[in-house]
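Here's a quick briefing to read with the viewer open. Take a look at the model first, then go through the notes below.

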Amino acid sequence: MKNKILTTISTLMLFIPWTILPLRSFAWALESPVAEIMISCYAVFMIFSGVFTVFSYVKGKVQNNLMKICLIINILYAVGGIAALGMMLLPKLS
């Protein structure tokens, strides 16, 4: 039962980052403070998704085929989230 719940959560986390695309079609989502906050929130969620999936795979021992696919994709999302946060924070630190 634990395996199915963790696999379902990790699978749902694959689709949530794509919800930024319809949101970015609105004019208010392209303005400076809203856009930065939205991208930051999505980046943090993507990093959390990657950490959650790795933790579920390693510590929870949920190692089915769907979880392996979720693991690869969520790790890629986490790397993308780290890159997005880095691109936003580095210019402010200089």
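Is W28 buried, partly exposed or exposed? W28 counts as partly exposed, because its relative accessibility comes out at 44%. Keep in mind that this is a predicted model, so to speak a computed picture throughout.**Overall layout**
- The chain has four helices and zero strands, and from the N terminus on its elements run α-α-α-α.
- Taken along the principal axes, the C-alpha atoms fill a box of roughly 45 × 30 × 15 Å.
- Of the 94 residues in the chain, 34% are buried.
- If you look at contacts between residues at least 6 apart in sequence, 68% of them join residues at least 24 apart.

**The N-terminal end**
- M1 sits in the segment before α1, the helix that covers residues 2–15.
- M1 counts as exposed because its relative accessible area is 74%, and the cut-off for exposed is over 50%.
- M1 and F26 are 25 residues apart along the chain, and their C-alpha atoms are separated by 40 Å.

**Aromatic pairs**
- The structure holds two aromatic pairs.
- One of the two joins F26 and W28, with ring centres 5.7 Å apart and 15 degrees between the planes.
- That F26–W28 pair is stacked, because planes under 30 degrees apart fall into that class.
- F26 counts as partly exposed, because its relative accessibility is 41%.

**Cysteines**
- How many disulfides does the count come to? The count comes to zero.
- C41 is partly exposed, because its relative accessibility is 49%.
- C70 is buried, because its relative accessibility is 0%.

**The salt bridge**
- There is one salt bridge in the structure, and it pairs E36 with K92, whose closest N and O atoms are 3.6 Å apart.
- In general, side chains of opposite charge can pair when their charged atoms come close.
- E36 is partly exposed, because its relative accessible area is 35%.
- K92 is exposed, because its relative accessible area is 58%.

**A nonpolar patch on the surface**
- Which residues form the nonpolar patch on the surface? They are V54, V58, I75 and V79, and together they have about 300 Å² of accessible area.
- Helices α3 and α4 each supply at least two residues of this patch.
- I75, one of the patch residues, lies in helix α4.
- I75 counts as partly exposed, because its relative accessibility is 37%.

Technical notes
Residues are numbered from 1 along each chain as its sequence is written. This is a predicted model: local features need pLDDT of at least 70, side-chain atom pairs count only at pLDDT 80 or more; totals for chains, interfaces and linings use all residues. Side-chain values use heavy atoms; hydrogens and water are left out. Rings of Phe, Tyr and Trp (its six-membered ring) pair if their centres lie within 6.5 Å; planes under 30 degrees apart count as stacked, over 60 as edge-to-face and the rest as tilted. Buried means under 20% relative accessible area, exposed over 50%, partly exposed in between (1.4 Å probe, protein chains only). A disulfide is a pair of cysteine sulfur atoms within 2.5 Å. A salt bridge is a side-chain nitrogen of Lys or Arg within 4 Å of a carboxyl oxygen of Asp or Glu. Contact means heavy atoms within 4.5 Å. Patches are made of residues with over 30% relative accessible area and no salt bridge: like charges are joined within 9 Å, nonpolar side chains (Val, Leu, Ile, Met, Phe, Trp, Tyr) within 5 Å. Accessible areas come from the Shrake-Rupley method with a 1.4 Å probe; for residues, only the protein chains shown count as cover.
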